[in-house]
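Dear colleague,

Please find the structure below, handed over for your review. My notes on what was found in it follow directly after.

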Amino acid sequence: MGKMLNKIDQKIMEKKLEQGLEMLKNKPESELSKKLANVNREDLLRKMEEIDQNKLKQMNINVEEIKQKISAADLEKIKRLAGKDGDKVMQKINELFGRT
């Protein structure tokens, strides 16, 4: 039962990542900004800090695949959308991508 739940969690995370990347690439920044306005930034930053290389491995997330899908322009867009937390978000992304 535990393995099945882990597999379901993995599929959900994969789908969320795919959707997030798709939105990042195809939605205007203004629309993404509106969506982020409805998100609790404190919680988002806290959850982001919980993620590390081991957590990504546990979740079977292929970091190399994600790195290939995200362009420099996408990273700049993320930084702008993060606003005052842009440097913190980019630092975490670089850490997860092995670019520290």
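Helices α3 and α7 are roughly parallel to each other, a term that applies to angles under 35 degrees, while over 145 counts as roughly antiparallel, 65 to 115 as roughly perpendicular and the rest as oblique. Their axes come within 10 Å and cross at roughly 20 degrees, with α3 covering residues 41-50 and α7 residues 86-96. Here the axes are lines fitted to C-alpha atoms, for helices over the stretch in contact, and angles run from 0 to 180 degrees between N-to-C directions. Helices are DSSP runs (H or I, at least four residues), numbered from the N terminus.

Please note that this is a predicted model, in which local features need pLDDT of at least 70 and side-chain atom pairs count only at pLDDT 80 or more, whereas totals for chains, interfaces and linings use all residues. Residues are numbered from 1 along each chain as its sequence is written, and side-chain values use heavy atoms, with hydrogens and water left out.

The crossing of α3 and α7 is left-handed, meaning that the near helix is turned anticlockwise from the far one by less than a right angle. On the α3 side, Leu45, Met48 and Glu49 meet Lys88, Val89 and Lys92 of α7, where contact means heavy atoms within 4.5 Å. By class, this contact of α3 with α7 has three nonpolar, no polar and three charged residues (Ala, Val, Leu, Ile, Met, Phe, Trp, Tyr, Cys and Pro count as nonpolar, Asp, Glu, Lys and Arg as charged, and the others, Gly among them, as polar).

The structure also holds 10 salt bridges, each a side-chain nitrogen of Lys or Arg within 4 Å of a carboxyl oxygen of Asp or Glu. One of them joins the side chains of Glu29 and Arg80, at 2.7 Å from N to O. Glu29 lies in helix α2 (residues 29-37) and Arg80 in helix α6 (residues 72-82), so this pair ties together parts that are 51 residues apart in sequence. Glu29 is partly exposed, with a relative accessible area of 28%, and Arg80 is partly exposed at 48%; buried means under 20% relative accessible area, exposed over 50%, and partly exposed in between (1.4 Å probe, protein chains only).

A further salt bridge pairs Asp87 with Lys79 at 3.3 Å, N to O. Asp87 counts as exposed at 55% relative accessibility, whereas Lys79 is partly exposed at 32%.

Asp85 and Lys84 also form a salt bridge, their closest N and O atoms being 3.8 Å apart. Asp85 counts as buried at 9% relative accessibility, while Lys84 counts as exposed at 75%.

Yours sincerely

Technical notes:
Helix = DSSP H or I, 4+ residues; strand = E, 2+ residues; numbered from the N terminus.
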